[in-house]
Amino acid sequence: MPRTILIAGNWKMNKNYGEGVDLAQQLANELADGTNGVEVVVCPPFVDLKGVAGVIEFDDAPFGLGAQNVYWEKAGAYTGETSRDMLDSVGCTYCIIGHSERRDYFGETDDDVNKKAKCLVEGNITPILCCGESLEVRKAGKHVEHVVSQIKADCAGLPIDRGDQLVIAYEPIWAIGTGETATADDAEEVCKAIRDTLRDMFGAVADEIRVLYGGSAKPGNIAGFVAEDDVDGALVGGASLVAGDFAEMVRKSA
Ligand code: PGA
């Protein structure tokens, strides 16, 4: 079964409530003629989720909703945290976890990522699980080894039996927000190694799991990435904040 291309926008800590609703409306307009079979998801900050969900509902917009983080406990005294069921209650069907910014600035470990992934999969929210190497690791030629070990730790014991239960995003840290992109061949090398690892862990269902590239993906380079055998779309930061650019990436991925 061919994998459906997925273009996901990671708004990071950008756009207040009103700005988020505006951006979602602009994107709905840009994509009013449909997405040509490409699946599209936006991941706004928590406070924008309900507003963007409203736009999706009322404009019948052709994109889904994801969050940028989750906590694995069900409820209780965890000040500042947001549970899976809370995300579900505002219409999230995806959630980014393990982003390098969370790992580097907020100390998120592979063990945390694994707990978040389990919690999401068990609640039918699809994790967009990020992995990727630093420049130092890349220069030492250890990028494949590094990413494979992240995937093994982060995905250990996940109850996966369908391809739509998990998305992986390979994001080399040196390419995030820097304007520096990996080549399509660099992305394919690691995305293929990720798929081989998923096949060892989960069997044939790995061929249905989407593996995305992320890191300065933009309208000018997206087609090259999605043309690769094991790259099934992109996780887009900066370019997802401009509706016209993000919509162009969707069109160029079709
Ligand atoms: P970027 O971010 O597209 O701005 O490089 C990608 C990401 O961090 O998800």
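**Aromatic pairs and the ligand site**

With a relative accessibility of 34%, Tyr-78 counts as partly exposed, a class that lies between buried (under 20% relative accessible area) and exposed (over 50%), computed with a 1.4 Å probe and protein chains only. This is a predicted model, in which local features need pLDDT of at least 70 and side-chain atom pairs count only at pLDDT 80 or more, while totals for chains, interfaces and linings use all residues. Residues are numbered from 1 along each chain as its sequence is written, and side-chain values use heavy atoms, with hydrogens and water left out.

The structure holds five aromatic pairs, where rings of Phe, Tyr and Trp (its six-membered ring) pair if their centres lie within 6.5 Å, and planes under 30 degrees apart count as stacked, over 60 as edge-to-face and the rest as tilted. One of them joins Tyr-71 and Tyr-78 in a tilted arrangement, 5.1 Å centre to centre with 50 degrees between the planes; Tyr-71 is buried at 18% relative accessibility. Another, edge-to-face, is formed by Tyr-105 and Phe-106, at 6.4 Å centre to centre and 75 degrees between the planes, and here Tyr-105 is exposed at 64%, as is Phe-106 at 56%.

Turning to the ligand, an oxygen atom of it is 2.7 Å from an N or O atom in the side chain of His-99, and an oxygen atom of the ligand is likewise 2.7 Å from a side-chain N or O atom of Glu-171. The protein covers 95% of the 280 Å² of accessible area that the ligand has on its own, areas being computed by the Shrake-Rupley method with a 1.4 Å probe.

Note on methods: A polar contact is a pair of N or O atoms within 3.5 Å; within protein, one must be able to donate a hydrogen and the other to accept it, and residues adjacent in sequence count only if both atoms are side-chain atoms.
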